[in-house]
Amino acid sequence: MKVLAIALPLALITFNAEARDDDPKISLQQVAPGIYVHQGVHELPDRHNHGEIANIGFIAGQRCVAVIDTGGSPEQGRALKKAIESITTTPICYVINTHVHPDHIYGNIAFKQPGVSFVGHHKLAEAMAMRAPFYREKAERDLGFNLETEHFVPPDQLVRDTLVIDLGARTLVLKAHKTAHTDSDLSVYDATTKTLWLADLLFMGHLPVIDGSLNGWLETIDQLKTIDAKLAIPGHGPVSAEWPKALEPEERYLKTLQSEIRAFIKSGRTMEDAITNVGLSARDDWQLFDEFHKKNISTAFAELEWEDD
């Protein structure tokens with residue numbers, strides 16, 4: 001593997017393969033040997049940031065490279081590809097999409113070429129197809145770029161339980177989870193460095209967003225805590241974190257929602273009442289709280305009010 005920049009862990013580098021002013025650029029941190037991550041910003045996706053708000057990156061083995069999520073725009077995907085080619089001559093063999101959300105999949109098209117396999121949860125292709133019309137409309141309206149059908153690149157390798165990928169002297173264990181953050185969540189474990197790439201199963205700083213199941217997410221957290229990892233990479237927030245301590249704020253927030261909403265339901269109070277009153281003690285703990293908290297309550301309330309039926 002040809003390394004153009006030898007970086008200590010957490011060293012920040014900006015890569016630009018051809019050094020032209022109009023080339024897309026992306027910053028990456030090497031958080032463990034052979035593991036590079038771009039840290040997104042805690043912002044709502046808009047025309048300024050073009051939806052490029054998530055943590056994305058890659059893991060390099062001796063035989064090939066696995067990309068972990070591709071970014072919130074086709075341009076960010078191209079920037080990531082150029083950065084990888086600037087760091088190593090090892091070919092890209094895999095693109096792993098951790099779930100269906102736009103900030104993780106819109107750069108896929110940059111990697112669609114012979115020899116590259118797209119890997120995802122067994123429910124990811126269906127989720128992409130169902131959401132594509134809405135995502136296309138939203139990208140044009142809110143992000144300032146157009147998407148065509150070919151931008152939604154579905155997985156050709158499906159993970160139903162676990163899948164082991166050999167990158168050459170480095171194995172990745174991919175795990176398909178039950179419905180949690182979404183219905184297509186995938187985690188990636190690098191046995192070589194004991195790094196657990198959780199994507200949006202772990203939020204740090206940015207308020208966790210429920211687009212699946214509150215109960216399922218908490219059950220998944222219980223399972224994740226048993227994994228022997230040293231570092232965790234969240235979908236949003238610091239690019240490496242102490243494990244499993246990194247999970248504690250997210251788990252505490254989700255458990256607060258669960259307990260308070262259950263109490264509201266038991267006492268016969270309405271969803272509207274819950275939206276106004278549940279979980280307010282957590283406001284100062286999270287960025288983008290006001291943007292996502294009410295939606296979390298409505299999603300969780302709709303789930304929990306039926307759990308005893």
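**View 1. Asp190 pairs up with Arg170 through their side chains.** The two side chains make a polar contact at 3.0 Å. This is a predicted model, so take each view here as a computed picture. Asp190 sits in strand β11, which covers residues 186–190. With a relative accessible area of 0%, Asp190 counts as buried, because the cut-off for that label is under 20%. Leaving aside residues up to four places away in sequence, Asp190 touches Ile35, Arg170, Thr171, Leu172 and Thr195.

**View 2. Here is helix α7, residues 289–304.** From first C-alpha to last, the 16 residues of α7 reach 21 Å, close to the 22 Å expected at 1.5 Å a residue. Its buried residues are Phe289, Phe292, His293, Asn296, Ile297, Ala300, Phe301 and Leu304. An α-helix has 3.6 residues a turn, so residues three or four places apart point the same way. What do the buried residues of α7 pack against? They meet α4 (214–224), α5 (248–266) and α6 (271–277).

**View 3. Zooming in, α4 packs against α7 at an angle of about 95°.** The axes of these two helices are 8 Å apart. On the α4 side, the contact is made by Leu214, Asn215 and Gly216, while α7 brings in Ala300, Glu303 and Leu304. Sorted by class, the contact of α4 with α7 has three nonpolar, two polar and one charged residues. Ala300 and Leu304 also turn up among the buried residues of α7.

How values were computed
Residues numbered from 1 in each chain as written. Predicted model: local features only at pLDDT ≥ 70, side-chain atom pairs only at ≥ 80, totals over all residues. Heavy atoms only, no water. Helix = DSSP H or I, 4+ residues; strand = E, 2+ residues; numbered from the N terminus. Expected span 1.5 Å × (residues − 1). Buried < 20%, exposed > 50% of the residue type's maximum accessible area, 1.4 Å probe, protein only. Contact = heavy atoms within 4.5 Å. Axes fitted to C-alpha atoms, helices over the stretch in contact; angles between N-to-C directions. Nonpolar A, V, L, I, M, F, W, Y, C, P; charged D, E, K, R; others polar. Polar contact = N/O pair within 3.5 Å; in protein donor to acceptor, adjacent residues only side chain to side chain.
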